[in-house]
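Me: I would like to go through this entry with you. Please look at the sequence and structure first, and then I shall ask about individual residues.
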Amino acid sequence: MRASLTLNTARKDLEAERRRNSLELLGLRPLVNDGSCHPKLQQRLENRLADLEARQRELERIRALLRCTSQ
């Protein structure tokens with residue numbers, strides 16, 4: 001029972017983070033693609049976008065592992 005509760009909590013936390021990241025990505029992509037920001041800000045936005053995209057991929061890998069664990 002305890003392991004199930006922990007896995008369920010982990011799934012909920014991962015899903016919440018994925019949703020937050022997705023919303024931030026929706027806002028960042030147009031800014032980065034537009035490229036009309038100050039060069040230093042543009043670089044920071046590009047770095048943040050890359051970090052979020054990498055984190056989203058990592059979250060998907062973790063979710064896949066959790067699915068395998070629960071079967």
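Me: What is Val-32 in contact with, leaving aside its neighbours within four places in sequence?
Reply: Val-32 is in contact with Gln-42, Leu-45, Glu-46 and Leu-49, where contact means heavy atoms within 4.5 Å. This is a predicted model, in which local features need pLDDT of at least 70 and side-chain atom pairs count only at pLDDT 80 or more, while totals for chains, interfaces and linings use all residues. Residues are numbered from 1 along each chain as its sequence is written, and side-chain values use heavy atoms, with hydrogens and water left out.
Me: Is Val-32 buried or exposed?
Reply: Val-32 is buried, with a relative accessible area of 13%. Buried means under 20% relative accessible area, exposed over 50%, and partly exposed in between (1.4 Å probe, protein chains only).
Me: And which helix does Val-32 lie in?
Reply: Val-32 lies in α1. Helices (H or I, at least four residues) and strands (E, at least two) are DSSP runs, numbered from the N terminus.
Me: How many helices and strands does the chain have?
Reply: The chain has two helices and zero strands.
Me: Which residues form the largest nonpolar core?
Reply: That core has six residues, namely Leu-25, Leu-28, Val-32, Leu-45, Leu-49 and Leu-52. The elements that give two or more residues to this core are α1 (2-34) and α2 (39-70). A nonpolar core is a set of buried Ala, Val, Leu, Ile, Met, Phe, Trp, Tyr and Cys residues joined through side-chain atoms within 4.5 Å.
Me: What about Arg-29?
Reply: Arg-29 is found in helix α1 and counts as partly exposed, at 36% relative accessibility. Beyond neighbours within four places in sequence, Arg-29 is in contact with Leu-49 and Glu-53.
Me: How far apart are the C-alpha atoms of Arg-29 and Leu-45?
Reply: They are separated by 8.8 Å, although the two residues are 16 residues apart along the chain. Val-32 and Arg-48 are likewise 16 residues apart in sequence, and their C-alpha atoms are 9.9 Å apart in space.
Me: Changing topic, what box do the C-alpha atoms of the chain fill?
Reply: Taken along the principal axes, the box is roughly 55 × 15 × 15 Å. The chain has a radius of gyration of 16 Å, whereas a compact globule of 71 residues would have one near 11 Å. The radius is taken over C-alpha atoms, and the globule rule is 2.2 Å times the number of residues to the power 0.38.
Me: What share of the residues counts as buried?
Reply: Of the 71 residues of the chain, 18% count as buried.
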